[in-house]
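Colleague: Please walk me through reading this one. Start with a sheet, then take a helix.

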Amino acid sequence: MCGIVGYIGPKEKKEILLDGLKELEYRGYDSAGIAIIEKKKLNNFKAVGKLENLANKTKDYHSSGFGVAIGHTRWATHGKPTELNAHPHLGEKSFVVHNGIIENYQELKHKLQKSGVTFVSQTDTETIVHLFEYYQKQNMQAFEAFKKTVDELEGAYATLLISEVEPDTIFFAKNGSPMLVGFDAQDIYFASSDTPIIGKAKEVYYLEDGEYGYAKDGVIRLYNENGEKAFTKQPLSKDKASAQKDGFRFFMEKEIYEQSRVMSETMMGRVNDDSIYFEELDSEFLKDISAIKICACGTSYHSALASSYLFERLARIPCVVEIASEFRYKEPLLDKNTLFITISQSGETADTLEALKMAKRAGLKSLSICNVDNSSIVRESDKAILTRAGIEKGVASTKAFATQTMVLWMLSVYMASLKGTISQDVVKGEIDAMIHTPKALLVNDDLHTKIHRLSKRYLHGHGFFFIGRDIFFPLALEGALKLKEISYLHAEGYPAGEMKHGPIALADSHLFTVALMPRTIHYEKIKSNVEELSARDATILAISPLPFNLADDFVQTHYDSHPMLEFFEMMVITQLLALEISVRLGNDVDMPRNLAKSVTVE
Ligand code: G6P
């Protein structure tokens with residue numbers, strides 16, 4: 001979740017970079033850095049912590065005359081937030097900034113180390129600059145060396161590189177991470193989203209995956225696998241608020257679409273070929289843990305509930321989940337060998353924080369799973385695992401839920417491995433499914449169009465039941481919560497097998513049932529439950545990889561090789577359904593009535 005800014009031209013470069021990075025600071029703020037070449041000379045500044053530290057460090061520096069400049073604000077993924085790990089990364093004569101993950105960086109690093117290159121950081125990014133210089137020293141022109149470097153990179157990246165070898169050029173490449181080029185006469189800007197260059201550039205070109213090239217003398221030369229490419233600039237929006245939405249109508253919509261990408265960040269460095277690793281934890285911390293208690297509120301509670309199935313099934317550890325506001329006043333019996341986990345997007349939810357303090361007073365070990373570093377809950381916990389979803393602006397939580405659930409899934413496999421409750425084959429199967437999760441989270445146009453179309457049938461009626469079994473029950477709760485939060489329609493999540501114990505009395509054609517029907521968990525059982533509802537004329541929207549004849553509406557899923565892949569694909573569908581219904585009803589999707597993003601009061 002880092003941010004990039006670049007500039008080539010005669011203006012004051014430090015100000016352009018710092019100004020632009022300020023707009024991106026919400027994406028990552030554990031360190032920042034800039035590199036500027038003017039009069040053929042490189043200048044570089046880095047600082048740990050917020051951008052103001054970098055601003056203080058550079059207050060006596062001013063660039064003058066024509067030059068090239070790149071800057072970066074970082075959210076640590078590979079390597080701790082230190083100055084050495086901050087971007088831009090230096091080779092002998094070149095600097096690079098990068099967003100994303102170079103998946104084959106270890107391989108590239110070994111190759112470069114063998115040829116005598118010394119690495120100073122723990123980052124994947126540093127390989128880019130050394131690889132460039134490695135080729136450049138083999139008598140290649142700078143651009144040829146850059147192209148060769150980009151050809152070797154696997155993974156997601158948006159990168160800018162400058163070098164004293166060609167001091168009037170910025171080299172760029174994009175694959176999987178966002179990057180755009182802004183134009184104002186001869187001045188050229190780069191950024192990872194448009195807010196840093198609004199008010200500066202007048203036109204923009206949004207780079208596509210697989211594109212790379214260089215900027216020099218006021219022009220861009222752009223290439224892809226087919227060679228040089230013509231491109232069309234478009235006017236740049238003047239409105240920063242709408243630009244932050246990256247072209248989406250709502251932050252929630254943007255965040256739904258982002259889930260696929262942020263999930264890779266959540267897994268980075270933690271999901272390896274044949275094991276799960278958390279640098280935040282050690283086996284000593286988990287020694288003697290014989291049970292887990294999880295406390296959370298709202299969406300985070302649903303994520304917790306889903307994970308309780310995984311902790312018990314995979315790690316064979318009893319796991320109880322409680323709503324924090326209930327837990328606080330029930331005079332709970334707490335056992336010292338219970339690991340107390342709190343889950344919170346914001347890290348500030350008052351009830352969750354108080355529950356954590358109670359558990360600490362009772363002498364329990366505490367672990368928080370949170371999206372905000374240095375938040376109250378993170379500071380209060382013995383250990384914390386960050387979900388790395390990036391800032392979530394929509395009040396109705398989407399990517400925070402997805403990443404919390406992923407961390408909990410990883411944690412259940414990690415603890416299962418430590419306890420030896422699952423075989424290496426099972427670990428590999430789980431890891432394989434994790435690696436496929438970003439694909440299951442991708443939203444394609446057909447799916448979104450279909451949900452937009454069918455949403456019009458679901459604007460009235462006397463209520464919704466979302467039903468599911470096993471982990472799909474908490475997902476049903478979450479689907480119903482999303483819908484009520486932003487549509488203001490009455491919706492309930494229910495365990496499918498419980499419908500016949502009461503709620504089925506409500507069934508008639510005005511009762512909408514959203515049935516989560518995964519192939520991998522109890523398909524036949526949930527099918528019978530849905531048939532019972534259909535027999536009472538309930539209107540049924542079935543979500544399943546298997547066609548279901550009795551459904552009034554059917555959304556087919558595709559990732560059905562593992563329950564969690566089914567979970568995540570169905571999650572996206574329920575989020576889009578809530579979104580589209582809310583839009584049709586004319587509601588404020590991002591700021592629904594009566595709700596707050598962070599509830600710091602009881
Ligand atoms: C509020 C928000 C919910 C959120 C809940 C818990 O009610 O509106 O979206 O799920 O708080 O928040 P937390 O930050 O602790 O996850």
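Modeller: This is a predicted model, where local features need pLDDT of at least 70, side-chain atom pairs count only at pLDDT 80 or more, and totals for chains, interfaces and linings use all residues. Residues are numbered from 1 along each chain as its sequence is written, and side-chain values use heavy atoms, with hydrogens and water left out.

Colleague: In what order do the five strands of the open sheet run?

Modeller: Strands (E, at least two residues) and helices (H or I, at least four) are DSSP runs, numbered from the N terminus. Two strands pair if DSSP finds at least two bridges between them. Here the order is β22-β21-β23-β24-β25, and the pairing is parallel.

Colleague: Which strands stand at the edges?

Modeller: β22 (491-495) and β25 (553-556) do; each has a single partner strand, so one side of each lacks a neighbour in the sheet. On average, neighbouring strands are turned by 15° against each other, direction ignored. β24 (residues 539-544) joins β25 through four bridges, in the parallel sense. There, I543 stands opposite V555 of β25.

Colleague: Now the helix. How does the span of α1 check out?

Modeller: The expected span is 1.5 Å times one less than the number of residues. The twelve residues of α1 (residues 13-24) should therefore span 16 Å; the end C-alpha atoms are 17 Å apart, which agrees.

Colleague: Which residues of α1 are buried?

Modeller: Buried means under 20% relative accessible area (1.4 Å probe, protein chains only). K13, K14, I16, L17, L18, G20, L21 and L24 are buried in α1. An α-helix has 3.6 residues a turn, so residues three or four places apart point the same way.

Notes: Buried < 20%, exposed > 50% of the residue type's maximum accessible area, 1.4 Å probe, protein only. Axes fitted to C-alpha atoms, helices over the stretch in contact; angles between N-to-C directions.
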